[in-house]
2 protein chains.
Amino acid sequence: MTAKAKVLYDFSAEPGNNELTVKENETVTITNQSIGGGWVEAQNSRGEVGLVPEDYIEVLQQLPSFSSAAPAAPTLTQGHVTAPDLSFFDAFAPASAPAPNQTSNGNDPWSTWNADPSGGSSNNWASNPEGTQTGKSAAPDPWGSGHPQAYQGPGAEDDEWDDEWDDRSTGGYPESEAGEAGAMQRGAGAHTMKISLNKFPFSKSGPELYLLSKQLTKGKERLPIYVGEVGPVWSYPETPVDCVVADPKKGSKMYGLKSYIEYQITPNSTNRPVNHRYKHFDWLYERLLDKFGSAIPIPSLPDKQVTGRFEEEFIKMRMERLQGWMTRMCRHPIVSSSDVFQLFLTYKDEKDWKMGKRKAEKDELVGVMVFSTIEPEAPDLDPVEVEQKCEQFSRFTKAMDDGVKEILTVGHEHWKRCTGPLPKEYQRIGKAFQNLSSVFASSGYQGEATLTDAMTEAGKTYEEIALLVAEQPKKDLHFVMETNNEYKGLLGCFPDTIGVHKAAIDKVKEGDKLVAAGKITPQDKVGMAKRVSTMSYTLQAEMNHFHSNRIYDYNRVMQLYLEEQIKFYETIAEKLKHAHGQFTTM
Amino acid sequence: MTAKAKVLYDFSAEPGNNELTVKENETVTITNQSIGGGWVEAQNSRGEVGLVPEDYIEVLQQLPSFSSAAPAAPTLTQGHVTAPDLSFFDAFAPASAPAPNQTSNGNDPWSTWNADPSGGSSNNWASNPEGTQTGKSAAPDPWGSGHPQAYQGPGAEDDEWDDEWDDRSTGGYPESEAGEAGAMQRGAGAHTMKISLNKFPFSKSGPELYLLSKQLTKGKERLPIYVGEVGPVWSYPETPVDCVVADPKKGSKMYGLKSYIEYQITPNSTNRPVNHRYKHFDWLYERLLDKFGSAIPIPSLPDKQVTGRFEEEFIKMRMERLQGWMTRMCRHPIVSSSDVFQLFLTYKDEKDWKMGKRKAEKDELVGVMVFSTIEPEAPDLDPVEVEQKCEQFSRFTKAMDDGVKEILTVGHEHWKRCTGPLPKEYQRIGKAFQNLSSVFASSGYQGEATLTDAMTEAGKTYEEIALLVAEQPKKDLHFVMETNNEYKGLLGCFPDTIGVHKAAIDKVKEGDKLVAAGKITPQDKVGMAKRVSTMSYTLQAEMNHFHSNRIYDYNRVMQLYLEEQIKFYETIAEKLKHAHGQFTTM
């Protein structure tokens, strides 16, 4: 199970992340290739062991038993398109290869764009922009710091660990398989988890792959962008795609030794349910990320939890969040109409599913090449305008990320108070009234009953209020938290998406220099400007899609929150009125 | 200013109370006679200095400059009645003299009656049963632990410290004068304060003074007790006495060098206002305590505060509490109809006041001798029944004291939460909504305004809720706290009142033994049984008075609390409805 590997680029370990610093041309021994998420564990010549990005090394030799599990980079796009020669790419390398700190900073992907002067929330990015779900994030709290509903999952009855029922020989989602195993190995004791480096496939190669590709593949895929009232917009289907995630069922295999949960997904198009396990969602996520990640923020799946006791609650919570994720994907016109997404929703049988999987995994139009399928029906944009738009989106998403985190932090504290000390206090008030009432009842004085009955009633009312207070967050704050948590995940994808654009803009700026140096032709330069315009239209269409969804979502969640809050206060007032009526009028 | 004194009884210092352990017949030097509250500071032959109950020592010599301020025990009743010989009293001493721990335990006067198994509230008895107000308690929190409305008083503008406008040569209230000086000397730095030992005058001499007095003074005073529906009751006046305490005014003397606050008290009988300073209330309190304390619990005056900044709030608070105290005194048929109370309410001029004061201070029917004026219009009670009643009242008042303290503890914590962390949290929620709204407003996306306006409104609503939450305790919990605090003070008087009865019952039980020993005659024994029956009627009338007032007070305060709570929740619901209406309907 060991293999030697040559280090392709310098990599500086981040402290506390179990990483290993390696130098270009150094030879290391791979000690564990099953870490997942774009990482391998390697040992250097001094015997030090740590994690290294797998794209930073080139495997020199490996044992046969290893080869079947050893993932190639999930999307080796170079082989599939008419790519510039590699020496040309090397010339770009210093500028376009992601700096290790830039890509491995799981705590704040914004930090490479903006220094965060707010000093506000220091939440972890529990939902990391890409690939976190493939087994790396063991943080038990999807809301950043111990959200009470962060159920711990079904423990030994892990529904993700055991093997897949379908054919493994397809080589399907090796990442996720490895990731799951890795997560189990590292378990809950590991406090620092790597974010996935799945973004490497598209960000490492850089936008040049698209900007300078000699000849764009002409396929059946064609993604038009129109200019609507709000600016560039995607083409939206007349009947929006939707689906219902429901009815989680425990399945088992290997004569009941291993069990898993299957969810039923019913799309509105066929109204015919299909079954999927979490790992299938994960496979879908990986495919969508590979295919659209450069252009469209693909939010992470809800966190994978592998330990815990509250199985039913956990499954309910996961289902709710898978529903949320699917709804968001369905709402996206490009994602929801893609072959892979439609396969997931409407496959007919196992054979159909397997064939569809193979086809999806062989898709060549992934990474930055997705831009080659996009056709804006509008004149090319000036590069200056492109840059301005990009900066504006960067500022907005960063600012909204801060705002969302603030709400999550405040909401989390409020949740704790409402479910902890506050109801305890109301309960104690209720008990104190009832105790005093009992004392009064023992006075032996005539005409005591009216007061003691009323005081007991008032005391019980405060005990009821305690329950109401403790239950209320589940009815209102929960949705505020879930929505903002979803947006935190979504916003976490933007730095990378915007990063691809910034890199493209930088390349276009270098156009004259590259022409002068004979690296590219003047035609290449013109083509680059045209293609960066297409990228900008894409980003704008995506931002407009984001804004329109955001307005809808926040309008809805705020209304729901306020409605439930009103009910809450009115219910308490009603209860108090009843208690008040028990006292005699003076 | 020093005087030698002989120690009359053993006294064991309580740890942490600055007390000095002394032995009978030991000679000590009095180093400070101005401590007040029945305490003096003394030095023993080993040079140790500490507080000793002044009733435990006998001053042997003192400098002339000292004599005018040196208080005799406030009510040396022995001189005024036909008392048994002192050697006889000595025979009773071990049983009836208060054990030092019993009387100096300021934390829990109940502890001598019942061991407290509840382990519940550990409040200090901020309002001590007797005499605390005469300058000994510097605890700034009348509710036990830092109640936010425990204003610190007017500081240098102390209205109690300066001299009295009227004639000091009467020797009026030396206790309170000394107490005030003492309080100033010890200041805020002293954490342990002595409770007053003013109860000594009536409890030290014991009930024998009354039980065995040869001949009861026949005066015009006659306090009948009738048997009503609920049992023995006082005779209630047809028109209940009432008064309004209002209009606090700053007065000054010594050419403005010293200032004080005068309150206007208007009784319903004359409707003519009289003016009194706090020290006059204090004088009244001392007189009532001396006269009725053995039979009727006389609650302490509201705490005296001598330092602080919020003068207006302090004066308002004190006035409110003086009103509460006066109302309670007015409601009591015996207290309110007494000469001294009527003098306080209706004196015509300064001369009238001075004469009335002198007369009140010369009153001989004080201490246990008040029972000699009480005439139950019912057959004598069996001593067994007397004891049962006494035990029942003791249990009830102890249980109610626990219940009241529990409410005070819980209420105090709730007050802190409602004025501290909770509104801060609502404020932060409000800010978070508004911040996110600002971010949204910066999106540049069309049709943003409806959502951002609504979210800003919702945010402001939560800021308003924060204010409502913080202000609410003053509107409702405040009265719950004040009422329970008043009852805590009142209940704190019962152990002593009941103690007098218990001591009397014990004496009656010893009747046969005393007759056999020739200490008393058989007629004495019969007289004792009759007189303890009178004491029991008194206690029962008092308990029935207490119960009827309690039912009224708690009915009223609970209704007020619930009414204000209902308004509170309804107001919040209304505000939220308004905020909700700002969002667009989906």
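Is the crossing of α7(A) and α10(A) left-handed or right-handed? α7(A) passes α10(A) in a left-handed crossing, a term used if the near helix is turned anticlockwise from the far one by less than a right angle, with right-handed meaning clockwise.

## Model and numbering

This is a predicted model, in which local features need pLDDT of at least 70, side-chain atom pairs count only at pLDDT 80 or more, and totals for chains, interfaces and linings use all residues. Residues are numbered from 1 along each chain as its sequence is written, while chains are lettered from A and ligands numbered from 1 in the order in which they are written.

## Chain A as a whole

Chain A has 18 helices and 11 strands. Helices (H or I, at least four residues) and strands (E, at least two) are DSSP runs, numbered from the N terminus. Of the 586 residues in chain A, 50% are buried. A residue is buried if 20 or more other C-beta atoms lie within 10 Å of its own, exposed if 12 or fewer, and partly exposed in between, with C-beta atoms placed from the backbone.

Two residues are in contact if their C-beta atoms, placed from the backbone, lie within 7 Å. Among contacts in chain A between residues at least 6 apart in sequence, 77% join residues at least 24 apart.

The largest nonpolar core has 215 residues. Such a core is a set of buried Ala, Val, Leu, Ile, Met, Phe, Trp, Tyr and Cys residues joined through C-beta atoms within 7 Å. L288(A) and M455(A) have the most contacts inside this core. Leaving out residues up to four places away in sequence, L288(A) touches I298(A), V335(A), V340(A) and F341(A).

L288(A) also belongs to the helix pair of the opening question. The axes of α7 (residues 278–292) and α10 (residues 339–346) of chain A come within 10 Å and cross at roughly 165°. Axes are lines fitted to C-alpha atoms, for helices over the stretch in contact, and angles run from 0 to 180 degrees between N-to-C directions. The two helices are therefore roughly antiparallel; angles over 145 degrees count as roughly antiparallel, under 35 as roughly parallel, 65 to 115 as roughly perpendicular and the rest as oblique. On α7(A) the contact uses L284(A), R287(A), L288(A) and K291(A), and on α10(A) it uses V340(A), F341(A) and F344(A). By class, this contact has five nonpolar, no polar and two charged residues. Here Ala, Val, Leu, Ile, Met, Phe, Trp, Tyr, Cys and Pro count as nonpolar, Asp, Glu, Lys and Arg as charged, and the others, Gly among them, as polar.

## Where chain A meets chain B

In the interface, 54 residues of chain A are in contact with 54 residues of chain B. α12, α13, α14 and α18 of chain A each supply at least two residues of the side that touches chain B. α18(A) gives the most, with 20 residues. By class, this side of chain A has 28 nonpolar, 15 polar and 11 charged residues.

One helix pair spans the two chains: the axes of α13 (residues 421–441) of chain A and α12 (residues 383–419) of chain B come within 9 Å and cross at roughly 160°. These helices are therefore roughly antiparallel, and their crossing is left-handed. By class, the contact has nine nonpolar, three polar and five charged residues.

## Two single residues

P495(A) is in helix α16 (residues 494–509) of chain A. P495(A) is buried, with 25 other C-beta atoms within 10 Å.

K577(A) lies in helix α18 of chain A. K577(A) counts as partly exposed, with 16 C-beta neighbours inside 10 Å.
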